[in-house]
Amino acid sequence: MQPKSPSILECPVGRAVETVGEWWSILILRDAFQGATKFDEFSQSLGIAPNILSRRLAHLTASGMFVRRRYHARPPRYEYVLTDKARDFFPVIAALLAWGNKHLAPRGESILLASRDDIRPLDPVVVDAGSLQPITLANTVAIAGPRASRGMRRRIASLKAMNPAIAPAGD
């Protein structure tokens with residue numbers, strides 16, 4: 001368990017990393033999005049040690065990403081069902097896939113996301129829901145939310161790249 005400073009615990013990115021940042025967790029969620037629900041399915045797909053898989057599934061369940069549901073009584077067997085909270089994480093997986101294809105696939109893509117309707121390959125980007133414009137480093141700033149502490153407000157005010165008072169757009 002990593003030490004948690006107040007600025008990390010208050011930061012939404014820090015809290016997200018606490019929930020799903022461990023790489024096995026992200027791969028387990030990837031497999032769940034692809035249809036895996038049972039311990040043996042995750043184990044076979046990932047080649048992960050059973051004790052690590054058990055800990056990761058327990059953590060993802062405790063953090064509300066899975067609901068554990070019994071599907072067999074004797075011996076007791078459980079499946080891990082994605083929650084709405086977990087399904088809301090899918091765009092993060094899509095963004096990781098797109099980034100990996102762009103920067104880490106020198107011989108070309110091995111997996112693409114495609115539209116269910118016409119099997120047209122998709123090009124995942126993160127967009128603003130209101131304007132539908134892509135969200136980029138050049139067109140965003142970080143501002144304090146309504147529940148930001150004084151410490152978080154000081155931290156945000158000190159940011160260089162995402163503070164328009166310090167760095168102009170595109171720098």
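Residues are numbered from 1 along each chain as its sequence is written, and side-chain values use heavy atoms, with hydrogens and water left out. Because the model is predicted, local features need pLDDT of at least 70 and side-chain atom pairs count only at pLDDT 80 or more, whereas totals for chains, interfaces and linings use all residues.

A salt bridge was defined as a side-chain nitrogen of Lys or Arg within 4 Å of a carboxyl oxygen of Asp or Glu. By this rule, the model contains 5 salt bridges. One of them joins glutamate 79 and arginine 69, with the closest N and O atoms 3.2 Å apart. Glutamate 79 lies in strand 2 and arginine 69 in strand 1, so this pair ties together parts that are 10 residues apart in sequence. Helices (H or I, at least four residues) and strands (E, at least two) are DSSP runs, numbered from the N terminus. Residues are called buried under 20% relative accessible area, exposed over 50%, and partly exposed in between (1.4 Å probe, protein chains only). Glutamate 79 is buried, at 15% relative accessibility, while arginine 69 is partly exposed, at 44%.

A salt bridge also links the side chains of aspartate 31 and arginine 30, at 2.8 Å from N to O. Aspartate 31 is buried, with a relative accessibility of 5%, and arginine 30 is partly exposed, at 28%.

The loop between strand 1 (66-72) and strand 2 (77-82) contains proline 75. A cis peptide bond joins this proline to arginine 74, with omega about -10 degrees. Most peptide bonds are trans, and most residues other than glycine have a negative phi.

Phi is about 55 degrees at isoleucine 119 and about 60 degrees at leucine 132. Isoleucine 119 is exposed, with a relative accessible area of 62%; leucine 132 is likewise exposed, at 59%.

Leucine 132 also belongs to a nonpolar surface patch with Val125 and Val127, which together have about 270 Å² of accessible area. Patches consist of residues with over 30% relative accessible area and no salt bridge; like charges are joined within 9 Å and nonpolar side chains (Val, Leu, Ile, Met, Phe, Trp, Tyr) within 5 Å. Accessible areas come from the Shrake-Rupley method with a 1.4 Å probe, and for residues only the protein chains shown count as cover. Valine 125 lies in the loop between helix 7 (90-103) and helix 8 (150-158) and is exposed, at 54%.
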